[in-house]
Structure formats: structure tokens, C-alpha cells
Amino acid sequence: MNKHLIIDSVKCTGCGLCELACAINKTGQCQPYLARIKIWREETRGIFVPMTCQHCDNPPCASACLMNVITKDPATGLTIRRLEGCIGCRACQLACPFEGCSYDYLQEVIVNCDHCGGNPECVKYCPTGALRYISTAEALDLERSAEAARRCGIAGLVKGDRR
Amino acid sequence: MKNIVIIGNGAAANSAAETIRKHDLEVPIVMVARENLPEYSACALPDCLSGWVDRSQLFIKQLTDYPQMGIQTRFGLEIKQIDTRERILISDQETIAYDQLILATGSRAIIPPVPGRDLLGNFVVKTVGDIDAILAYKARKVVVVGSGNIGIEVAEALQISGCQVTIVELMEAILPRIFDQEPAGRISRILSDRGIQVLTGERVLKISGDQRVETVTTDCRSIACDTVIWAAGVKQNVEVASAAGVKLGELGGIEVNSRMQTNIDGIYACGDCIESIDMLTGYPTLSLLWPNAKRQGQIAALNCLGQEMAYEGAVSLVAEDIYGITAVSMGLISRALAREEIRVLEGQDNELYWRVLVMDDRIIGMQTIGMSYGLGAVMALMKNRTPLSEFHRVAADPDLARRVAWYLPAQRFLQE
């Protein structure tokens with residue numbers, strides 16, 4: 001996979017624009033429950049975590065699928081579904097620890113994030129930069145500078161720090 | 001060149017074949033199976049009865065997919081004997097030589113020895129052929145014997161398609177291997193509300209009728225019906241293997257080690273026909289579930305190719321759709337833990353009911369009725385054997401919690 005959807009939960013304010021952008025782009029409906037990215041909100045503690053498909057290397061959803069509709073795309077590394085085979089049994093939803101599989105109430109199938117074919121809608125609308133769509137090199141760069149900052153004790157000052 | 005022969009064409013067999021092909025593009029693969037059909041999903045068979053899933057949708061592969069993947073098929077062939085010294089498989093029509101053999105023979109539905117069980121109108125639900133037979137029979141009044149997941153799904157499917165359905169279960173609650181009594185009672189109430197008669201604690205004594213099924217007699221009553229569907233359990237297809245000297249375990253499945261090897265060199269086994277180790281207890285178990293079979297197929301294939309890979313153990317995960325209400329069971333149930341000390345965390349929130357079983361401060365099972373966020377997180381905590389005290393400590397600290405934020409939805413189920 002050469003591009004990643006990076007989630008920085010520290011920057012997320014739980015505004016929900018990503019959910020709306022996703023739902024409108026994918027289903028045409030302005031309903032957050034139809035989105036493929038969902039924010040876990042804990043208002044009292046101020047924890048907001050956007051959760052979506054992580055496109056795991058050996059995805060547990062694929063092994064749980066009763067109809068073998070979930071596969072890894074060899075070209076992009078994404079976890080993709082053959083939706084006409086899906087019977088909506090929700091086994092993949094139970095196997096996924098990241099809430100990456102969401103039930104599409106309109107088509108009665110389970111869907112996951114597909115990075116909108118390389119131009120994710122949620123990233124465009126994220127006002128705080130909590131969601132970013134960057135290449136592997138950039139992602140590793142961020143990891144490195146964040147780790148360096150942690151080790152130097154200057155967390156929070158370096159670009160891309162995720163605390 | 002060495003070849004690999006796979007007996008079977010179910011979840012385990014196909015996942016083994018696909019894994020071999022993914023890692024080795026050249027090794028010849030031969031698949032042998034009794035049914036002359038491409039791979040289909042056995043789990044969706046009841047959905048096909050109700051018409052929710054089209055018959056053609058059941059098939060995961062087409063027959064032409066096999067040659068495309070470089071797999072030779074010998075479908076419609078029943079292996080009668082395995083010669084482990086010469087390494088050949090013997091059937092009535094031909095013999096097939098193998099260098100390495102993967103047994104994925106699966107299981108078959110059993111009909112207990114009850115008088116009248118060969119009358120017209122007795123069915124099981126295990127193969128596409130069974131479904132075709134039931135659809136062609138045009139049932140009106142049906143008795144489903146046994147209430148495992150297949151029994152419940154078939155009862156629901158037939159009720160939806162307009163039949164009058166009665167479920168007869170020997171144990172005191174329905175779904176005895178999958179749910180505890182309390183959630184089973186709730187599911188039972190959903191079924192009764194829709195007009196399915198649920199009889200528990202009753203044993204079927206005989207089936208009577210003139211050529212066709214007319215009455216089912218249990219130890220409490222007799223029920224007039226025209227169809228009996230047996231969902232009373234399965235038996236592992238191990239006869240041919242066991243005659244060839246493959247060792248069986250005490251539960252009746254083929255005994256394998258964690259690399260899916262049997263006691264005979266060059267023979268691997270996976271899927272319904274084996275006894276695997278339960279991930280949570282470490283005891284042997286017969287796991288008859290699709291995801292476990294697929295994983296075992298992968299492990300057998302990798303070891304067959306010489307990559308050492310150990311199976312992490314089987315874990316049960318069952319999702320039932322009962323009239324649009326999702327009922328989920330994962331891990332173990334309290335009946336399986338009768339001799340252990342367990343704690344039960346139970347709760348109800350509007351339409352959602354949950355029950356978490358905790359042993360030694362670790363989640364060992366969970367059952368819910370109604371779908372919710374956070375079930376995947378509980379499953380992950382259960383598989384990781386995370387102590388609950390540790391989970392609560394991390395979840396209570398905002399900085400730590402943020403680092404494992406995907407576990408937070410599990411909190412609501414794990415409050416004391």
C-alpha cells in the first residue's frame with residue numbers, strides 16, 4: 001500500500017464532518033450512521049477517535065466471512081469486498097476490533113472504507129488535520145519525528161507529533 | 001514434481017488450495033470431492049430456503065475457477081481407500097497418486113436411530129442437494145428436530161416461506177451449545193412471537209406415516225406434520241482416514257498437532273473432520289465453524305509447503321439473524337464452564353441485552369441479543385486474554401486510553 005489514511009485522535013474535535021462527507025459521498029444521504037468512518041465520542045473526557053477500516057495485512061474480517069467476499073487487492077493493498085455476494089450476516093463486524101465494517105442499511109450489506117479510490121472525501125473536509133492521506137514515506141517520516149521528539153522530551157513541538 | 005492432493009471441497013479445502021497457490025505457483029494441486037459442485041457456503045443454506053439468498057448466490061466459485069487457478073479437479077469421485085505406504089488414493093473409477101495429502105472431508109448431518117426415519121419427508125440441511133430436495137417437496141407443516149444454529153435458521157426460513165413450524169429440542173433450552181439459558185429464553189420468545197412453536201426438554205420417539213411422514217411422536221405429545229427436518233448434530237467424515245491408520249482423538253475427529261499434521265507422515269487434516277485445540281481452554285474441541293475451518297486450511301497448506309506455522313486455536317463466533325435481530329455468541333458458554341468459577345456481567349439497554357462471562361479476570365465468553373458497537377473490541381480483548389483489571393486501568397487513564405482507543409467501545413459491557 002503506498003498511501004495511508006492516518007488518524008491523529010489528539011487533533012480530532014468530534015465535529016463529525018468526516019462522517020457526513022463519507023455518507024453523502026457514498027450513499028447520497030446526509031446520515032452519519034451510513035458513514036464508513038465513525039467517531040467514538042467520550043465528551044466527558046474529551047476523547048474523540050475516528051475509527052475506520054485499517055486495511056490490515058491479514059484481516060480478521062476476511063477469515064470470518066462466510067461467503068468469502070472479502071479479499072486483499074494485490075495492487076493497492078486495500079481490503080475489498082465483492083458486495084453482490086454479501087448476505088449481511090455481520091460476522092466480519094464482530095471479528096473487526098476497529099469497527100471498520102459498517103452496515104449499509106440501504107443495500108443491506110456490510111461495507112468498509114475504500115479510500116474513495118485514492119481521494120478520500122473525509123480527509124478533504126477534516127478541519128483540524130486529524131485525518132490525513134499520505135504516502136508511506138511521509139507516514140514513516142512522521143513516526144520518526146514523533147519518536148525523536150518523545151525521546152528528546154519536546155513532545156508537542158515537532159511537526160506531526162501524535163503524543 | 002511433487003503434487004498435493006486435497007480431499008474435500010468445503011471451506012477448509014478451498015482455503016488450503018488458495019493458500020498453496022498464493023505461495024507456490026507451480027506445485028500441482030488436485031482436489032477430490034464427492035459432490036460435483038463448485039465451492040458453496042454451507043452457512044447460507046437456510047437463507048436460501050427462505051429465498052433471502054438466491055441459489056446461484058450460494059456458490060463462492062465457479063467450476064471454471066479451478067482450472068484458472070491451476071487446480072485439477074476430480075469432483076463426483078468418492079475415495080474408498082487410502083494406501084499410505086504407496087501414497088495413492090483408491091476409488092472405484094481411478095487411483096490418484098499423492099506426495100502430500102490434505103484431508104478436509106468435513107462432516108455429515110446425522111439422523112438418530114428413530115423408527116420411521118427413512119419415510120419420505122425426512123430431511124437434513126447440510127448440502128445444496130438437501131436444499132433442492134426440501135424446496136421440491138413443498139412442505140406445509142414442519143417439525144425441526146434439534147435447535148442448534150442450523151435448526152433455528154431453518155425453522156425461521158420455513159416459517160417465513162409460509163410453513164407451520166415446530167421446534168423440538170432435547171435439552172431444556174434452545175441453542176444449547178451456543179447460548180446460556182437466559183439469552184436462549186429471549187430468543188425462544190422472539191420465535192414464539194412469530195408463531196413458531198418451541199418445545200424443549202422433549203425427545204422424539206418415533207415418526208409414523210404411510211410412506212410419507214404424518215406424525216412425530218415425542219415423549220409428551222404427538223404432532224401432525226408432513227416434513228421432519230433433522231438438525232440434531234453432525235458426525236465427522238473420518239472412516240476412510242481411520243481405516244488407513246490415521247489416529248482419531250477422543251471426541252471422534254482426526255487428531256492433529258498444532259501444525260495440522262496427523263500421525264502419518266505427509267498427511268495433513270483440517271476443517272470439520274479434525275479435533276482442534278480451543279483457544280481459550282486449551283482442551284480439544286470439535287469446532288464446526290466456517291472461520292475456524294478456513295484458518296485451519298491455511299495452516300495445513302503452509303505447513304504442507306514447508307513453512308512452519310502453528311494454529312492459534314479455535315474460537316467460536318456465531319452470529320444469528322433472528323427475524324432481523326442479531327444474536328451473537330463468542331467464546332464459551334457457562335454450560336461448558338460448569339466446574340469453573342465464573343463471574344457473569346449482565347446488562348440491558350433498550351433493545352440490547354448482553355452477558356459477559358469472566359474467568360480468572362479474563363473474558364471467556366460473550367453473548368448479546370441486538371447489534372451494537374464494541375463487540376469486535378470485546379472479541380479482541382478475549383482473544384488477547386487481556387486481564388479485565390488491566391483493561392479498566394488503561395481505559396480510566398485518558399492518555400493511555402487514547403493510545404488503545406479502539407478498545408473503548410467495549411467499556412459499556414465490562415462495567416461491574
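Predicted model: local features only at pLDDT ≥ 70, side-chain atom pairs only at ≥ 80, totals over all residues.

Residues are numbered from 1 along each chain as its sequence is written, chains are lettered from A and ligands numbered from 1 in the order in which they are written, and side-chain values use heavy atoms, leaving out hydrogens and water.

In terms of contacts (heavy atoms within 4.5 Å), 38 residues of chain B touch 37 residues of chain A. What about salt bridges across this interface, meaning a side-chain nitrogen of Lys or Arg within 4 Å of a carboxyl oxygen of Asp or Glu? The rule finds 0 between chain B and chain A.

Now for the inside. The largest nonpolar core has 60 residues, and B:Leu58, B:Ile187, B:Leu191 and B:Ile229 have the most contacts inside it. Such a core is a set of buried Ala, Val, Leu, Ile, Met, Phe, Trp, Tyr and Cys residues joined through side-chain atoms within 4.5 Å; buried means under 20% relative accessible area, exposed over 50%, and partly exposed in between (1.4 Å probe, protein chains only). Leaving aside neighbours within four places in sequence, B:Leu58 is in contact with residues including A:Met67, B:Tyr40, B:Leu45 and B:Val128. A second, separate core of 53 residues includes B:Ala13, B:Ile20, B:Ala244 and B:Ile264.

Back to charges: over all chains, the search turns up 25 salt bridges. In one of them, the side chains of B:Arg55 and B:Asp132 meet at 2.8 Å, N to O. B:Arg55 is partly exposed at 38% relative accessible area, and B:Asp132 is partly exposed at 28%.

B:Arg221 and B:Glu202 also form a salt bridge, with their closest N and O atoms 2.6 Å apart. Are these two partners buried or exposed? B:Arg221 is partly exposed, at 35%, whereas B:Glu202 counts as buried, at 4%. Finally, look for B:Glu18, B:Glu39 and B:Lys61, which are linked in a network of salt bridges.
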